[in-house]
Amino acid sequence: MAKITFITSDNETITLEGTSGSVMALAVDNGIKGIDGDCGGVCSCATCHVHVAAEDMDKTGSASEIEADMLELDDNVDEFSRLCCQLEISDSIDGIVLKVAK
Amino acid sequence: MNRIVYLLVKNGYLSEKNYIQFCRTIGEIPFNKISNQDYHMKKSELPDPFEKARLDKGYGKMNDQNDPVTMLLRLKDVRKSAHDYKTFQSAAKPGRIVVPSEVNIRDTRQIPFEVDPPQHGEYRAIVEPWFKRPLLPEYQEKLTAQISTLVDGILNKDNLEVINEFALPLQSRALTLLLNAPYSEAETWISWGTHVFRSEGEALDSDKANILYNYIDDQIDRAVKNPGEDMYSLLLSSEFQGKKLTKEEVKGVMVLTFAGGRDTVINAVTNSISYLAEHPEALERFRKEPEIIGKAVEEFIRYFSPLTQMGRVVTEDTQVCEHAIKADSRISLCWASANRDASVFESPNEIVLDRKINPHVGFGFSHHNCLGATHARQILKILLNTLAEKVESIEIMDCKENIEHLDEFERKVGFNSIHVKFKSLT
């Protein structure tokens, strides 16, 4: 079980609990604004872009090369950017805070 | 052996001329394009004609009605150039960024497709929520009912021509949902045939295009008189930069909606059926693991790349892959080639149904990515679900390939006709 907090672009804070699957799927299932996950989680649409809180980066790790290539051309990209379809829910990411990019 | 030689020729490692000369020298009969089909392992296979050029230089050239196109073939270049709307513009003369060019058959600017940022974003914001409606459960229920009825009607039919009797009605009926138009309108659209700008064969046909334009004009006039809940009415009541959209702007969005999602959806549906015919185990897998269907849809879009390429007009002298490109000439973003780029996709020429990382550009990329993608994805998802639920196997009786002739390259994009039989799951 992991608790994951999303902060949307209108500064709403929502904390969700999940046990498996991707963070994107959890967000989409719960209607988190700004996370569309159009491609269903195969890293082709970049509609699940989040900024990981700096202190949580060691839990999530940084983007893979393919993910970074997708993010590279996004206007809001920074060193904390991840596509959350590539974040698997597990105990090890419990407590992370994600700021939705869009 | 013959297949290997065939692939060498097909992929450009061996020129056709040299090959024919070689055959003459050794007294062998060269095989020709008509017998090509025998050399495909599978009818559903779409070979990648771009591999050699993509590896060697990264671009290809094609002439198109005396307005040549430099085709970008590598995924990274395609993405970068798609994103760089200042150098590679869409807001050129209407029809010019399409390959083959449509400048001779239309003056209406397709919106938001042929507009660049920042205006593009404002137009896109008007239509984006409407085009996300396929995510709503009631939309999906209606689409499921449509597809389910269609499939029930063709099960066990002895000889079904997929394009005209299945893919075209499916696409047209689904479009009534996207437009929120009466279901009966689909009959009119079906009667137009598979391509709204082209008659049978390749040539652009202005008479045919006019059928669509006149129809849309009539529909806009109807919606002006009797506003309803349909897409025409929504657009007529929307504003761009503080002013109501003009009829011409509304027409521009509607032409895009009709043209962009027609042969693309038809190709995706038809190619999916031919794949399933040759891979019945995929249907079985969808029954056992329905959760992979979303991934399978993305993989089909990558592999089939229903739209081969989209052009841009170069605004200043520049270069791609160390090749100089002059201002006011054209490049194209070759989605079909980028989607087989082995530097990104492992086993690019194989369909891996549950491919986990799949950063394809089958729906384009960046600002101008496909507006209809949400609708298209739902169509394919529901189609695969429905077929898995009702169909045991599909048999291909006969088919004719649809080959795009792109000068240096010949790309199979799907079929001109394909006759099959669906065997129901009992």
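Colleague: Hi! Which residue stands opposite Thr5(A) in β2(A)?

Modeller: Thr15(A) in β2(A) stands opposite Thr5(A). Before we go on: this is a predicted model, where local features need pLDDT of at least 70, side-chain atom pairs count only at pLDDT 80 or more, and totals for chains, interfaces and linings use all residues. Residues are numbered from 1 along each chain as its sequence is written, chains are lettered from A and ligands numbered from 1 in the order in which they are written, and side-chain values use heavy atoms, leaving out hydrogens and water.

Colleague: How many bridges join β1 to β2 in chain A?

Modeller: Six, between β1 (residues 2–7) and β2 (residues 13–18) of chain A, and the two strands run antiparallel. Another facing pair there is Ile7(A) with Thr13(A) in β2(A). β1(A) and β2(A) form a hairpin with five residues between them, and Asn11(A) in the turn has a positive phi of about 60 degrees.

Colleague: Does β1(A) run parallel or antiparallel to β5 of chain A?

Modeller: Parallel, with four bridges joining β1(A) to β5 (residues 96–100) of chain A. Thr5(A) turns up again here, with Val97(A) as its bridge partner in β5(A).

Colleague: Let's switch to chain B. What's the strand order in its open sheet of five?

Modeller: The order is β1-β2-β10-β7-β3 in chain B, with mixed pairing. β1 (59–62) and β3 (88–89) of chain B stand at the edges with a single partner strand each, so one side of each has no neighbour in the sheet. Further in, four bridges join β2 (residues 69–72) of chain B to β10 (residues 330–333) of chain B, and these run parallel. Met71(B), for example, has Ser332(B) as its bridge partner in β10(B).

Colleague: And which strands form the open sheet of three in chain B?

Modeller: β4, β12 and β11 of chain B, in that order, with antiparallel pairing. Its edge strands are β4 (160–161) and β11 of chain B, each pairing on one side only. Two bridges join β4(B) to β12(B), and Glu161(B) stands opposite His419(B) in β12(B).

Colleague: How is chain B divided into domains?

Modeller: The assignment gives domain 1 (1–39) and domain 2 (49–424) of chain B; such bounds come from an automatic or database domain assignment. The centres of the two domains of chain B, taken over C-alpha atoms, are 33 Å apart.

Colleague: OK, now the interface. How many residues of chain B are in contact with chain A?

Modeller: 16 residues of chain B are in contact with 13 residues of chain A, where contact means heavy atoms within 4.5 Å. The area buried between the chains is about 1400 Å², with carbon and sulfur atoms giving 56%. Buried area is the accessible area (1.4 Å probe) that two parts lose on being put together, summed over both. His83(B), Ile357(B) and Arg377(B) supply 28% of the area that chain B buries against chain A, more than any other three residues.

Colleague: How many salt bridges are there between chain B and chain A?

Modeller: Three. The rule asks for a side-chain nitrogen of Lys or Arg within 4 Å of a carboxyl oxygen of Asp or Glu. One salt bridge joins Asp38(A) to Lys132(B), with the closest N and O atoms 2.9 Å apart.

Colleague: And how many over all chains?

Modeller: The search of the whole structure finds 33. Among them is Glu408(B) with Lys57(B), at 4.0 Å from N to O. That pair links distant parts of the chain, 351 residues apart: Glu408(B) is in the loop between β11 (391–406) and β12 (409–424) of chain B, and Lys57(B) is in the loop between α4 (51–56) and β1 of chain B.

Colleague: Last topic: which peptide bond is cis at Pro112(B)?

Modeller: The one from Ile111(B) to Pro112(B), with omega near 0 degrees. A cis bond also joins Pro117(B) and Pro118(B), where omega is about 5 degrees. Pro112(B) is in the loop between β3 and α6 (119–131) of chain B, and Pro118(B) is placed in the loop between β3 and α6 of chain B too.

Colleague: Why point those out?

Modeller: Most peptide bonds are trans, and most residues other than glycine have a negative phi. Asn180(B), not a glycine, has a positive phi of about 55 degrees, and lies in the loop between α8 (162–179) and α9 (185–191) of chain B.

Terms used
Pairing = 2+ DSSP bridges.
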